[in-house]
Amino acid sequence: MVETVSKRDIRKLKLDELKSFFVEHGEKPFRAQQVYEWLWNKAAKSFDQMTNLSVGLRDMLKEHFTINHIKVDHMQRSEDGTIKNAVTLYDGMVVESVLIPTEKRITACVSSQVGCSLACKFCATARLKRQRNLSPDEIYDQVVAIKEQSELFFGRPLTNIVFMGMGEPLLNYSNVISAIEKITSQKGLNMASKRITVSTVGVTKMIMKMADDGVKFNLAVSLHAALDKTRSSIMPINDTNPLSELADSLRYWYTKTKRKVTYEYVVWKGINDTEEHARALLKFAKIIPSKVNLIEYNPIDDGEFQQASTEALEMYMHLLESNGITTRIRKSRGKDIDAACGQLANKS
């Protein structure tokens, strides 16, 4: 019986490894630089696109390697211009990514895991068990796809990237960091780190690791309650990473990076819509320099969580702003195609 050996994804090779491959096969090492540029700067999906390589050289690459590029199998467009992509990975698994257009920017919201293990009760993705982490190139490909859609449908460049899609980025830390390095590299997409935001539910030890690693991107924390009892009831992560530990990790983050944090916060009817909760958020927001996004809630069908009243949101807004915390109410986009925050669940 002949054993089938799957080809290695060429994007798993570092530049030096690629140079060694070409030398071992009697080729000049500069070929590696050419291929590397095709893979990361030009986001080639096949070896046949590498037109400055001879046909023979392209055939040799096909013999040894593959490019496990993602496929955007289904695209939905919202009435407000938002685009949701159902992205099929090389092994048939599916994640979702979103293009969010506004007047001043176009943002790519990308996924970092297939499913999620953190079981936040208000999030549709949490109902999908975590199946695996995305590789750096699968994350990178989502950004490239949205960059191309931005140019095709809006005639404008992609301006921002948020890791707020499916999964918890800090539980796939090394791959997320590797993807960001490619995205910000001059040999990749050459995007500025300050245009990238990584959002976490509050994995405290990884927030501290990010600080130690000296990352240059922005940090957002999905907070949603600043009282332990309430937060634990809707976000199980709070049982092992309570608010006191989260506060300590954020102090460490700011000491190391001098970068403010953004708190993502949904106000729900009957859950956290009281002045007690608003004052707890105000106290927490003052731990380090921060800003708050009050997010419009996007229902996920069961009715347990409902958007708070306009009066409750205004109460939060007034309390925070009058005490020096920059606050905005973030209207959700793409709700009609289940593309808004918390709705990504492979329905498409």
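A residue is classed as buried when its relative accessible area is under 20%. In this predicted model, Cys120 has a relative accessibility of 9% and is therefore buried. Cys109, at 8% relative accessibility, falls under the 20% cut-off and so is likewise counted as buried. A search of the whole structure for disulfides returned zero. Such a bond would be a covalent link between the sulfur atoms of two cysteines.

In soluble globular proteins, nonpolar side chains tend to be buried together. The largest nonpolar core in the model comprises 89 residues. Within this core, the residues with the most contacts are Met50, Leu61, Ile161, Leu250 and Tyr263.

The surroundings of Tyr263 were examined with residues up to four places away in sequence left out of the count. On this basis Tyr263 touches Val221, Leu223 and Leu250, together with Phe284, Ala285 and Ile288. Its contacts also include Ser290, Lys291, Val292 and Asn293. Leu250, one of these contacts, is itself listed among the residues with the most contacts inside the largest core.

Two or more residues of the patch are given by each of the elements β3 (71-77) and α4 (136-154). Met75 is located in strand β3. Its relative accessibility is 32%, and Met75 is therefore classed as partly exposed, a class that lies between the limits of 20% and 50%.

Key:
Residues numbered from 1 in each chain as written. Predicted model: local features only at pLDDT ≥ 70, side-chain atom pairs only at ≥ 80, totals over all residues. Heavy atoms only, no water. Core = buried A, V, L, I, M, F, W, Y, C linked by side-chain atoms within 4.5 Å. Buried < 20%, exposed > 50% of the residue type's maximum accessible area, 1.4 Å probe, protein only. Contact = heavy atoms within 4.5 Å. Helix = DSSP H or I, 4+ residues; strand = E, 2+ residues; numbered from the N terminus. Disulfide = S-S within 2.5 Å.
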